[in-house]
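Please keep the sequence and the structure in view while reading.

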Amino acid sequence: MNRRDLLLTLTAAAAARGIRPWSAGPSKSRADRPVPSAAQLAWQRDELALFVHFGVNTFTDREWGDGTEDPRLFDPARLDAGQWVRTAKAGGFRTLILTAKHHDGFCLWPSETTTHSVRSSPWRGGQGDVVREMVDACRREGLGVGLYLSPWDRHEPSYGDSPRYNDLYARQLTELLTRYGPLVEVWFDGANGEGPNGKRQEYDWPRVHRLVRELQPGALMFSDAGPDIRWIGNERGTAGDPNWCSVDPSVVPVPGLSGDHIIRALQHGDPHGTVWRPGEADVSIRPGWFWHPAENDRVRTPDDLVQLYFSSVGRNAGLLLNVPPSTTGLFHEADVRALEAFGERLRALFADDLARGARVQASGTADRGHGAPNATDGDPDTYWSSPPPGAGTRSWIALEWREAVTFDTICLQEAIRHGQHVAAHSLEMLDGGRWVPLARGTTIGYQRLHRVPAIRTAGLRLTMDASFAPPRLSRLAVYDGTN
Ligand code: FUL
């Protein structure tokens with residue numbers, strides 16, 4: 001959709017609901033629009049989480065076990081969760097999310113609910129607990145912990161006998177929620193295969209959600225239906241454009257529904273949505289989620305990982321990158337090298353914000369204390385607050401350098417603590433004393449990254465072309481990724 005069409009669509013859709021985008025005149029108050037919880041805000045600022053798919057599939061070279069796997073297969077000779085955590089840290093990741101149980105039903109912790117677990121394996125003489133080892137390693141290094149408990153369980157005989165299995169699932173979840181201290185994220189998918197008795201399992205999502213809220217009030221729940229973080233609608237690590245954090249909760253009421261309109265809603269969110277539910281883009285560093293020896297030379301390159309960062313975190317989503325340990329219990333050296341190089345690339349790219357050395361001006365400031373320099377002070381909690389523009393005008397913020405600078409990356413952030421409001425924006429650069437178009441985009445949200453061909457200029461101007469409320473910009477940063 002071109003920009004004119006986008007504006008028309010937004011304006012028409014908004015008018016139908018009594019909300020006027022900013023370019024169409026003064027808007028309703030910001031209070032009408034959703035904002036993140038403190039935990040959601042912290043989650044968005046974390047940006048990167050590492051997914052760890054590990055279990056019996058690692059040893060059978062499969063993606064989905066059928067539940068008949070012998071627990072004695074599980075015997076990672078050199079398991080060291082410290083290596084996972086060190087690698088995650090080197091890559092800039094803030095949280096690790098482990099498959100405590102995948103669809104095959106094998107539990108990586110010694111659950112009281114089943115013998116199909118590490119307890120029946122030779123690993124650590126049956127005394128081991130992978131969840132515990134990962135949690136301890138994360139705590140030592142100050143990283144957050146998340147757990148994935150697959151509802152679909154191909155081993156458990158009660159699966160399909162809905163109330164009975166729901167009780168067992170609640171007990172497993174309770175173990176995970178009570179034994180390991182605070183969790184950042186609890187990860188659910190909607191996979192819902194047929195039970196051994198041919199019956200379809202009806203999951204009790206309200207019960208699951210209540211349990212998490214009660215036992216881990218600070219944890220965020222992920223699924224395609226949220227309620228706190230939504231799936232981004234694909235497993236390619238690419239958020240939609242635009243990507244709103246707000247959603248209409250009636251479109252995806254429970255996990256596991258399918259349909260084009262649902263995928264669209266997950267990809268883009270809804271600018272008129274009443275609920276704040278940011279998107280998370282899950283993708284694997286290899287073709288599969290689990291480790292397969294044949295894929296050791298198919299690990300994503302650092303360039304490719306940086307590209308994923310731009311298409312997810314650079315489009316207002318979180319990135320959940322899967323890195324599967326091998327049968328040794330360690331990340332393979334190819335994955336470690338790629339993650340370390342990825343971390344170095346990002347650190348180098350974002351090391352020197354050229355906006356810090358620029359003079360910054362804006363079309364206006366709504367109130368004292370929220371002036372334009374707040375957008376370039378590097379503090380995510382301060383912001384430039386624009387007053388509502390007069391009729392026919394748009395608000396802008398501009399950087400001017402005494403001497404021309406070279407850059408190819410521009411980072412924009414809204415102060416999302418106060419909501420996501422910008423629907424369209426454009427960037428211009430100074431060329432021979434005139435402002436000429438450089439790039440344009442739709443919404444901003446937590447973060448919108450623009451990559452442009454490297455340019456040399458003494459000025460950059462951001463104009464807000466449409467917004468649902470006067471915008472608050474916490475960040476306008478400029479980087480040179482060419483060296
Ligand atoms: C899906 C599963 O079926 C895949 O095996 C993988 O775990 C992916 C992250 O979620 O629902």
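Helices (H or I, at least four residues) and strands (E, at least two) are DSSP runs, numbered from the N terminus. The model is predicted, so local features need pLDDT of at least 70 and side-chain atom pairs count only at pLDDT 80 or more, while totals for chains, interfaces and linings use all residues. Residues are numbered from 1 along each chain as its sequence is written, and side-chain values use heavy atoms, with hydrogens and water left out.

Phe290 is placed in the loop that runs between strand E9 (279-284) and helix H9 (302-311). With a relative accessibility of 1%, Phe290 is buried (under 20% relative accessible area; exposed is over 50%, partly exposed in between; 1.4 Å probe, protein chains only). Beyond its neighbours within four places in sequence, Phe290 has contacts (heavy atoms within 4.5 Å) that include His53, Phe54, Arg62, His102 and Pro324.

The whole structure contains zero disulfides (pairs of cysteine sulfur atoms within 2.5 Å). Two cysteines are compared below.

| Cysteine | Relative accessibility | Nearest cysteine sulfur |
|---|---|---|
| Cys107 | 0%, buried | Cys138, 19 Å |
| Cys245 | 0%, buried | Cys411, 14 Å |
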